[in-house]
Amino acid sequence: MPMRKPMLWSEALLNATSTSKSSGDHPVEALAPERPLPPRYMHDTYAEILLPFASSPELFEQYTNAWGGLRTGMLMEHLDSLAGSISYKHMLGPGVETLGRIHERGFYIVTASVDRLDVLAPLLPVRDIRLSGIVIYTGTSSMEVAVKMEALGASGVEDTLLLGRFSMVCRDAKTRKARPVNPLILSSPEETALYLMGENAKKRRQSLALRSLSRVPPSSAEAAELHSVYLQYGQDSGHQLSDYERVWMGDTHLEKTMLMFPQERNVHQKIFGGYLMRLAYELGFANASLFTRSHVTFMSLDSISFAKPVPIGSILRLTSQVLHTTPPGELPGVVHVGVQANVVDVRTGHEQTTNDFRFTWYPDDGAAVLRKVVPKTYQEAMLWLEGKRALEMGDQIRGERNKKRSA
């Protein structure tokens, strides 16, 4: 079920013009309550995309990077599209092949956030890759979609390369308010376990939001660690070690400004979220490479928030900063990078944040990072702590998965 460019842009413009004229004098009214939505079987929401890199040199050519590997940002773009397709499949039913027009369906689905994407094995281009996903949890108007990237061999699945979760929300096409989604039917113990995983992920996300440093101050332990970093790295007149290079967080600033064209639109006539993920990933990769002075390997996407849609024709400014690094000498060295997407109002110069991305990389050779990013302002200190929390969460998740593998 395609998530991009379902109609000509010229047709979309005509529809938008006629809609604005017809609704200019008539306020939008809330729809009357509908009948209960039929529940869906979890396994009926499953969908997959096969990328036969091993058998199709022409396809591999479209995805290869400068080092002979795969462009991870393009695979992320596919995962976002897949999560959207799966969500619509859940709402419309397993037999529906095409989405149709949004105003005729009466609802639309958007990505609210990406919880995590964790790389579990190298993304080698010599094997075919399968991207798959399934709805594992439904709330009142939200869905948790679990996605997986697998390497396929002659005998089937050889490796699970990546696991992640997308949080999708349903909106009424007329009122733009929350719209109920179909509940799930669980038909096996495995599906019950997946449902509990999705439910716990939603609860953990809500708990993290309550602990956000934009709402509450850091803990006493975090405040003490910040002070320790200040004493050890933040004083120009203090003792400086010779085996590392201090870099102020503000000096890691890297940005890119772009015009958003209709060729990258989604079915809602906004810029496709997967395209924004790819742009943010590639800018973050460049920043991590410049900071470590080496080629880096992707470890995880720690979070993405989609605050507002990006309009077609807007000017988008992507700003990247290195937010946290492992201590000098720690192996492997890890770099946590934040990328913020802002839409710029050309008349006033005012910027409005639409997306916030967090990524983690490490040097290809697993070497230590001998440059230490250090915050200089209070705002940077909070970003530094958020990066620390993200790295700790990633370590915890990877540790739990390693325990399950060895059990």
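What follows is a chat about a predicted model of one protein chain.

Visitor: Hi! How many helices and strands are in the protein chain?
Guide: Hello! This predicted model has eight helices and 14 strands in the protein chain.

Visitor: And what share of the residues is buried?
Guide: Buried residues account for 48% of the 407 in the chain. As for the accessible surface, it comes to about 20300 Å², and carbon and sulfur atoms hold 55% of that.

Visitor: What about contacts between residues at least 6 apart in sequence, how many of those join residues at least 24 apart?
Guide: That would be 75% of them.

Visitor: Let's get to the sheet. In what order do the ten strands of the open sheet run?
Guide: The order is β2-β4-β5-β6-β3-β10-β13-β12-β11-β9, with antiparallel pairing. At the edges stand β2 (47–51) and β9 (254–259); each has a single partner strand, so one side of each lacks a neighbour in the sheet. On average, neighbouring strands are turned by 25° against each other, ignoring direction.

Visitor: Can we zoom in on β12 and β13? Over how many bridges do they pair?
Guide: Ten bridges, in the antiparallel sense, link β12 (residues 335–344) with β13 (residues 351–363).

Visitor: Which strands does helix α3 touch?
Guide: Helix α3 (residues 72–92) packs on the sheet and touches β2, β3, β4, β5, β6, β10 and β13. Its direction makes about 40° with that of β4.

Visitor: And which strands does α5 lie across?
Guide: Helix α5 (residues 189–210) lies across β3, β4, β5 and β6, and runs at about 75° to β4.

Visitor: New topic: α7. How many of its residues are buried?
Guide: In α7, 17 of the 20 residues are buried, so the helix is largely enclosed by the rest of the structure. Just after α7, arginine 293 takes a positive phi of about 60°.

Visitor: Now α6. Which of its residues are buried?
Guide: Those are Glu222, Leu226, Val229 and Tyr233. Seen down the axis of α6, they fall within an arc of 60°, so they line one face of the helix.

Visitor: Why would residues three or four places apart point the same way?
Guide: An α-helix has 3.6 residues a turn, so residues at that spacing point the same way.

Visitor: What does the face of α6 turned away from the buried side carry?
Guide: The exposed residues Ser220 and Ala221 are on that face.

Visitor: I'm looking at arginine 398 now. Is it buried or exposed?
Guide: Arginine 398 has 18% relative accessibility, and because the cut-off for buried is under 20%, it counts as buried. Its place is in helix α8 (residues 378–406).

Visitor: Which residues does arginine 398 touch?
Guide: Leaving out residues up to four places away in sequence, arginine 398 touches Arg116, Asp118, Met299, Ser300 and Leu391. Valine 119 is 279 residues away from arginine 398 in sequence, yet their C-alpha atoms are 9.5 Å apart.

Visitor: Last one: where does valine 344 lie, and what does it touch?
Guide: Valine 344 lies in strand β12 and is buried, with a relative accessible area of 13%. With residues up to four places away in sequence not counted, it touches Ile315, Arg317, Gly349, His350 and Glu351.

Technical notes:
Residues numbered from 1 in each chain as written. Predicted model: local features only at pLDDT ≥ 70, side-chain atom pairs only at ≥ 80, totals over all residues. Heavy atoms only, no water. Helix = DSSP H or I, 4+ residues; strand = E, 2+ residues; numbered from the N terminus. Buried < 20%, exposed > 50% of the residue type's maximum accessible area, 1.4 Å probe, protein only. Contact = heavy atoms within 4.5 Å. Areas by Shrake-Rupley, 256 points an atom, 1.4 Å probe, with all protein chains shown as cover. Pairing = 2+ DSSP bridges. Axes fitted to C-alpha atoms, helices over the stretch in contact; angles between N-to-C directions. Arc of directions from axis to C-beta.
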